Amino acid sequence: MAQLDTREKLEILADAAKYDASCASSGTTKRNSKDGKGLGSTEGMGICHAYAPDGRCISLLKILLTNSCIFDCHYCINRKSSNVRRARFTAKEVVDLTIAFYKRNYIEGLFLSSGIIASSNYTMEQMVEVARSLREDHHFRGYIHLKTIPDADPELVHQAGLYADRVSINVELPTANGLKRLAPEKDGVRIETAMAEVKASIIDGKDAKAKYKSAPRYAPAGQSTQMIVGADAATDGDIVRKASTLYDRFGLRRVYYSAFSPIPDASAVLPLQRPPLMREHRLYQSDWLMRFYEFQPHEVMAAADDATGMLPLDIDPKLAWALKFRGSFPVDVNRAPREMLLRVPGLGVKAVNGILTSRRWRRLHLADIARLTVSVAKLRPFIIAEDWRPVALADRAELRPLVAPKPKQMEMFA
């Protein structure tokens, strides 16, 4: 590997990290250095972000320890056989960069991942050393997210959680067949075993903290994972079911979805074109329905096309579900339970909470609902209010053109 200065390494390793979507800093405990002790904060805006040309939100200091790797995963631009420029930071260089960037007010934390160099254990040791040095040597109180390595010794992964706010282990692909085909050196069972161990450590840490105030926190922002969308033949149904299983089994804070991007010198087993970014967006919406709108996985997938198992791209999954099950509507906003109000297209969680609070004191009119939402037009066919009943709309045979977003002409020179 040619000798590179820090700026060149940063250029290479920050660019190599942009494919990792799981970089949110939400959910951790509040810490700051207002008392003059330590450095950094998890409050305020959190990690600063920039935007990649394809619209993906990426952290300003979201880097790899190295983009060299002993694995040869077909979908990864940093795979062993890839013809990319390689670079590697030392643990001290990452620590120094983090502190320097923080003092310049560029960042509020660090997201660190890595290719596998020498061995999984060696790489994990280097990443843990970065977090340890930041916390113990520099008293850094900002946010740290470590992308852990499932093949590493469990004790090293455990140490990562003692220093990091969040740890994550990528499941990579939604199906076992897809993982075996595109990443044969990775073991799906071992990945899930590592996630189960992290879950157990988080639970043990919470129990210890409840008993002993001085007990160390373990990954207070929990664990997350990421799945690549469109690199294999998995349908949206496969992805939604996998995400639901991961949430239930491992208590994940988030599952992130990353649309596959064609890479230089790609393997012949990969698709030639990337999937629509809207597909990634619809999966995030379906994820939101399961996490906050009390939808079950089979309900989300009921909105998908029966033949292909894919969610529609032109309308969101909640609206697709409502159009498919029109017998469940209209919903009386003055009588319906929370579960049914959450299924009304156009009503968010805050709006539903507002309806439940307001109707305790008076009957709600359509104008009252309009004040709680962005657009009442989308709601009209699906609700009953004190002064509104969608008689003509409810009987309309084809409702989709009326409620679906209108197509927009794209500008050639925008």
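Colleague: By class, which residues does the lining of the largest cavity have?
Modeller: Its lining has 18 nonpolar, nine polar and seven charged residues. Ala, Val, Leu, Ile, Met, Phe, Trp, Tyr, Cys and Pro count as nonpolar, Asp, Glu, Lys and Arg as charged, and the others, Gly among them, as polar. This is a predicted model, where local features need pLDDT of at least 70 and side-chain atom pairs count only at pLDDT 80 or more, while totals for chains, interfaces and linings use all residues. Residues are numbered from 1 along each chain as its sequence is written, and side-chain values use heavy atoms, leaving out hydrogens and water.

Colleague: How many cavities of 30 Å³ or more does a search of the whole structure find?
Modeller: One. A cavity is a set of points, on a 1 Å grid over the protein atoms alone, where a 1.4 Å probe fits but cannot get out; lining residues have an atom within 4 Å of a point.

Colleague: What volume does the largest cavity have?
Modeller: About 730 Å³, counted as the space filled by probe spheres set on the points. Of its 34 lining residues, Tyr-75, Cys-76, Asn-170, Glu-172 and Lys-186 are the closest to the centre. Strand 7 (223-229) and strand 8 (254-259) are the elements that give two or more residues to the lining. Strands (E, at least two residues) and helices (H or I, at least four) are DSSP runs numbered from the N terminus.

Colleague: New topic. Why is helix 10 largely enclosed by the rest of the structure?
Modeller: Because seven of the eight residues of helix 10 (residues 317-324) are buried, meaning under 20% relative accessible area; exposed is over 50%, partly exposed in between (1.4 Å probe, protein chains only). The buried ones include Trp-321 and Lys-318.

Colleague: How many salt bridges?
Modeller: The count comes to 22, taking a side-chain nitrogen of Lys or Arg within 4 Å of a carboxyl oxygen of Asp or Glu.

Colleague: Which residue meets Arg-135 in a salt bridge?
Modeller: Asp-165, at 2.7 Å, N to O. Arg-135 lies in helix 3 (residues 120-137) and Asp-165 in the loop between helix 4 (154-163) and strand 6 (166-168), so the pair ties together parts 30 residues apart in sequence.

Colleague: Is Asp-165 buried or exposed?
Modeller: Buried, with a relative accessible area of 1%. Arg-135 also counts as buried, at 17%.

Colleague: And which residue pairs with Arg-362?
Modeller: Asp-368, at 3.0 Å, N to O. Arg-362 is partly exposed at 46%, whereas Asp-368 is buried at 9%. Elsewhere, salt bridges that share partners join Glu-129, Arg-132, Glu-136 and Asp-137 into one network.

Note on methods. 1 Å grid on protein atoms, 1.4 Å probe; cavity = no way out; pocket = protein on both sides within 12 Å on 5 of 7 lines; lining within 4 Å.
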